Amino acid sequence: MTFWCEHAWLPDGLAAGVRVETDAGRVTAVEPGTAPVAADTVLPGVVLPGLADAHSHAFHRALRGRTHDDGGSFWTWRERMYAVADVLTPAEYEELATATYAELALAGVTAVGEFHYVHHGPDGGRYDDPHAMAGALRRAASRAGVRLTLLDTCYLHGGLDAGAYQPLAPSQRRFGDGDADAWRTRVEALRSAWAGADDVRVGAAVHSVRALAPDEIAVVASWAREHGAPLHAHLSEQPGENRAARSVHGTSPTGVLDAAGALGPRTTVVHGVHLDADDVARLAASGTAVCVCPTTERDLADGLAPVDRLAATGVPLCVGSDQHVAADLLAEARGLEEHARLRSGRRGVLAPAAVVEAATAAGHRALGWDDAGRIEVGARADLVAVALDTPAVAGADPAQAPLVAGARDVRTVVRDGRTVVRDGRHVDLDVAAALRTSIARIWDLVEEGR
C-alpha cells in the first residue's frame, strides 16, 4: 500500500510531499518532494510516526472525572484506585482495557506499555490460568489495534514506613506473588507462552523502592538483563518516597535502584519528579531513560519533573498517560516543554523535534520496539495524520504543529500497515459508548462492595 503525505516527519525533520510505500506492515520506500497519484492513499496535514504511550495503568481510566470532589492528595486518590482494582475480573478488565486502548489509538498511539500489577484474584488467590489478567490485556490491545508491551510488575510490600517494609494491605494482595522468585517463575512462564508474537512483548517492572527491597529489585533486574527485556520502575513521584528510602537505605530511590543493578540503557524510570543533582547524574551516566507523565503529575499534584536538567545531561525522555486523566500523547509530549519552561523560566528548552522524538521513537525504544517510531525504510508502517485545518492548528507552521495539536486533531492512524482510525473514528469500536458501559459497570460493583 502507498500513502502520500502532505507533510511527513522524517528522521531528519519535516518534509513535504512524501510518498511512503509499505508492504507486509513495513516501510519499503520513502520519497519526499512528490505529487500524489491515483493509487496513493492521501494523508493531509502533518504525518508523524506512531506515538508510544510508555506508561499506562489501563484500569485507572475508570477514575477519570471521579476523584475531584474532595481534594486530598496522591495518597487519598490511591484509596479510590484500590477500590476499582478490587472489583476487576478478567472479563471486566478486558472490556475496560479494550476501550481504554482504543481511546489511545484515537490519539495516535500505536504501542502502549502497560505497567501491570493486577495479577491475581481480589484476595490474592491465583486464577486457574495464572496469566488470566495479562491475557485480558493482550486481547484488549489486539482488538483496539495497538501493540502491547506488558511490563509485568513485581509488587511485594505495602510500603516502606516506620523504618521497615510493611506487608501488603488487603487491597494490595492481588498484586503480589509472595516473593521475587515466585514472580520470576510466573513471568518466565508468561514470556514462554507469548514467544514469537509480533504484536506483544513481555518486559519487567519494579513497582517502586517502597514495594521491593534491594535484593528483590536485583532479582527483577537480573531477569530483565537475562532476556534483554525492558525494565521499568516508578521513581521519586512523591517526596515521602525519598524520605523513606534515605531513612532505611541511606540513599535516594535512584541510589537504591543503582546499587541493585537496575539502572541502564534498557531501563526506564517513571515520573522522576523529585530528583536531586546526584540522581540526575546517575541516570545520565547509566543511560537510563525517564518517562514523564505530565497530565497525571499535574492532576495528582506531584510536582514538575526536572525536564530541563534531564535534557541538558542527555537523559532520554519519553512520555506516558499513566492514570489516563487524559488520552492525549501529543499533549503529554508538549507537557515536557511546558514543564521545562515553568521550572527554568525560559522557552525552547526542547525543540519541536525533541518533543516528537519523546512521543515516538524514544517511547518505542523504552518499550522494546526498536523498529518503530520512525518513518524510514525497514521500520514498522505506523503513520499518524494530524490535521492542519482544525481550529486548534489552523495557521500554524507545520513544523511547529506538534506543539499545538492534540488528540482531537488526529484524523488517520495506521499501525503495521493497517488502518485503525479513519476520519477521526476508530474503525472497529464506538469508543465513547464502550467506555461509558464499562466504567458504569465497574462503579456499580464498587458501590455494591461498600
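**Charged pairs, helices and sheets in a predicted model**

Glu 337 is buried, at 1% relative accessibility (buried is under 20% relative accessible area, exposed over 50%, partly exposed in between, with a 1.4 Å probe and protein chains only). The model is predicted: local features need pLDDT of at least 70, side-chain atom pairs count only at pLDDT 80 or more, and totals for chains, interfaces and linings use all residues. Residues are numbered from 1 along each chain as its sequence is written, and side-chain values use heavy atoms, with hydrogens and water left out.

The side chain of Glu 337 meets that of Arg 341 in a salt bridge, at 2.5 Å from N to O (a salt bridge is a side-chain nitrogen of Lys or Arg within 4 Å of a carboxyl oxygen of Asp or Glu). Both residues lie in helix α11, four residues apart, so about one helical turn separates them (helices are DSSP runs of H or I of at least four residues, strands are runs of E of at least two, and both are numbered from the N terminus). Arg 341 is partly exposed, with a relative accessible area of 28%. Elsewhere, salt bridges with shared partners join Arg 26, Arg 147, Asp 198, Asp 371, Arg 380, Asp 382, Arg 415 and Asp 416 into one network. The structure holds 24 salt bridges.

Glu 103 takes part in two of the pairs described here. One joins Glu 103 to Arg 61, at 3.0 Å from N to O. This pair links distant parts of the chain: Glu 103 is in helix α2, and Arg 61 is in the loop between β5 (51–56) and α1 (74–87), 42 residues apart. The other joins Glu 103 to Arg 64, with the closest N and O atoms 3.1 Å apart. Arg 64 is also in the loop between β5 and α1, so this pair ties together parts that are 39 residues apart in sequence. Glu 103 is buried at 15% relative accessibility. Arg 61 is buried at 9%. Arg 64 is partly exposed, at 26%.

Glu 332 also lies in α11 (residues 329–344). Glu 332 is buried yet has no salt bridge. The nearest side chain of opposite charge, Arg 298, is 6.1 Å away (Lys and Arg count as positive, Asp and Glu as negative; His and the chain ends are not counted). Beyond neighbours within four places in sequence, Glu 332 is in contact with Cys 293, Pro 294, Thr 295, Val 319, Gly 320, Ser 321 and Ala 326 (contact means heavy atoms within 4.5 Å).

Most residues other than glycine have a negative phi. Asp 322, in the loop between β14 (317–319) and α11, has a positive phi near 55°. Asp 423 also has a positive phi near 55° and lies in the loop between β17 (418–422) and β18 (425–426). Asp 322 is buried, at 5% relative accessibility. Asp 423 is exposed, at 63%.

β17 and β18 pair in the antiparallel sense over two bridges (two strands pair if DSSP finds at least two bridges between them). Arg 422 stands opposite Arg 425 in β18. The two strands belong to an open sheet of eight strands with mixed pairing, in the order β3-β2-β1-β4-β15-β16-β17-β18. β3 (26–31) and β18 stand at the edges with a single partner strand each, so one side of each has no neighbour in the sheet.

Strand β12 (residues 267–271) is mostly covered, with five of its five residues buried. β12 pairs with β11 in the parallel sense over five bridges. Here His 232 has Thr 268 as its bridge partner. Three bridges join β12 to β13 (residues 289–292), again parallel. Val 269 stands opposite Val 290 in β13.

Helix α3 (residues 132–144) has 13 residues and reaches 18 Å from its first C-alpha to its last. This is close to the expected 18 Å (the expected span is 1.5 Å times one less than the number of residues). Buried residues of α3 include Met 133 and Leu 137. They pack against α2 (90–106), β6 (109–116), β7, α4, β17 and β18.
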